[in-house]
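Please find below my notes on the model under review. They are set out as numbered points.

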Amino acid sequence: MKLAYWMYAGPAHIGTLRVASSFKNVHAIMHAPLGDDYFNVMRSMLSRERNFTPVTASVVDRNVLARGSQEKVVENITRKDAEEHPDLIVLTPTCTSSILQEDLHNFVERAQIETKGDVMLADVNHYRYNELQAADRTLQQIVQFYIEKARKKGELPAGKTAKPSVNIIGISTLGFHNQHDCTELKRLMADLGIEVNTVIPEGASVNELKKMPQAWFNLVPYRELGLTTARYLEEQFGTPYVDITPMGVVETARCIRKIQQVVNAQGVDVNYEDFINEQTLYVSQAAWFSRSIDCQNLTGKKAVVFGDNTHAAAMTKILSREMGIHVVWAGTYCKYDADWFREQVSEYCDEVLITDDHGEIGDAIARVEPSAIFGTQMERHVGKRLNIPCGVIAAPIHVQNFPIGYKPFLGYEGTNQVTDLIYNSFTLGMEDHLLEIFGGHDTKEVITKGISAESDLNWTKDGLAELNKIPGFVRGKVKRNTEKFARDRGIKDINSEVLYAAKEAVGA
């Protein structure tokens, strides 16, 4: 067992709670010890939610351990049904309920006798699945629950909508820029003459789910959430789905052409080429900017990319294919979907990393010394320590990456936002050097702790004094080269003489 203080994807119950709390008038009961209900605080703070998070913890305490928890869980379900009048209550298992080997299916059946609303169990194995996998499975289970319910009652609408329509699947609370992306996708669909049938789960009512089969196709913008639901709908109703993330000029055009193909296959002749050209030339500034003199200054600069599959793959393609930036390595923490990621990015980077070990990623960044990092909040922390700028492109993220202003990453407006992020993430020209000259640079003592916890080197007072005389824009590189020189030679204390020797060794 490995103790980690940073996790890229949370435990399974966080994914289930994200989906349940995204729906309108759905309440979640989490069967867990006191303290596991931090999701409520996290969602309220990060998403800046105005309303209370609809999640209740059915606390496992010493009384539960002594007497059993069935009565307590059933009581909590029926109480919330009477108080909140939700359309659906989702019982969320946790690692604790799995350890106790509790029959949660039986709890749900007991509660359903007394409740007016629906009750269902999120059937997710908390030892096998992480937050993203659990969210994907929970969404599919809720959709299937209500489609089967409508089918049994004979309330399932027949046929498709009169005009081309789409279900947008995967917009959820705590998703990276999800709200802004959703607005941009709705605008894009309107421009293409496609009606939005439903958007799930964020803001949707479970009573709307029965009309999902009426859509002409499903759009799944994020690979992590929605694919299982789209495949279920394709299997049950033959509804095709588009899973190309419209992020960047090239991929947005490819997504639109795929939508064109899907719509044409159903008997309506559409041609979106003029729309693509218009948007690429006049709405998106990315194509023009990538050929401008400003962006040419970035050509060949080294960058690394890390995040979830969707955003890391898309950003790798944008950097390499659209902006001419050298991606030294690209990585993802979605180990369960590693083959897809490798297939997507292999031709656009030198190396592919598949890991959820933040220490390994930190060391990989320090090893290649890129000009910029594009990653999660953890890679931003690493960049701070190494004095390397970082653009945050994927969850997990801090509150500052839940912007109040409009910042989509998808669609043609998204191309402008992504281009700005990329350009502003690089240190431009002599910026740091000028700050140093005019006294604006931070001249406090440099951080001597390396990224790897294995560092056992000590900088002496005179060594630090000499290091601080080096201009800030190259100081970090000199420090790392000196530490490598010392480590190779078994030197524990780095003084000014060791620093000079290291500089001579590399010809500096």
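**Notes on the predicted model**

1. The protein chain contains 22 helices and 15 strands; helices (H or I, at least four residues) and strands (E, at least two) are DSSP runs, numbered from the N terminus. This is a predicted model, in which local features need pLDDT of at least 70, side-chain atom pairs count only at pLDDT 80 or more, and totals for chains, interfaces and linings use all residues. Residues are numbered from 1 along each chain as its sequence is written, and side-chain values use heavy atoms, with hydrogens and water left out.

2. The mean pLDDT (the predictor's confidence in each residue, from 0 to 100) of the protein chain is 86, and 89% of the residues score at least 70. Residues 441-454 have a pLDDT below 50. Where pLDDT is low, the predicted coordinates should not be read in detail.

3. Two cis peptide bonds deserve mention. One runs from Ile200 to Pro201, with omega near 0°, and Pro201 is in strand β6 (residues 195-201). Another joins Ala395 and Pro396, with omega about 5°; Pro396 lies in the loop between β13 (390-392) and α18 (411-425).

4. Glu369, not a glycine, has a positive phi of about 50° and lies in the loop between α16 (358-368) and β12 (372-375). Asn387 has a positive phi near 60° and is found in the loop between α17 (377-386) and β13.

Conventions:
Contact means heavy atoms within 4.5 Å.
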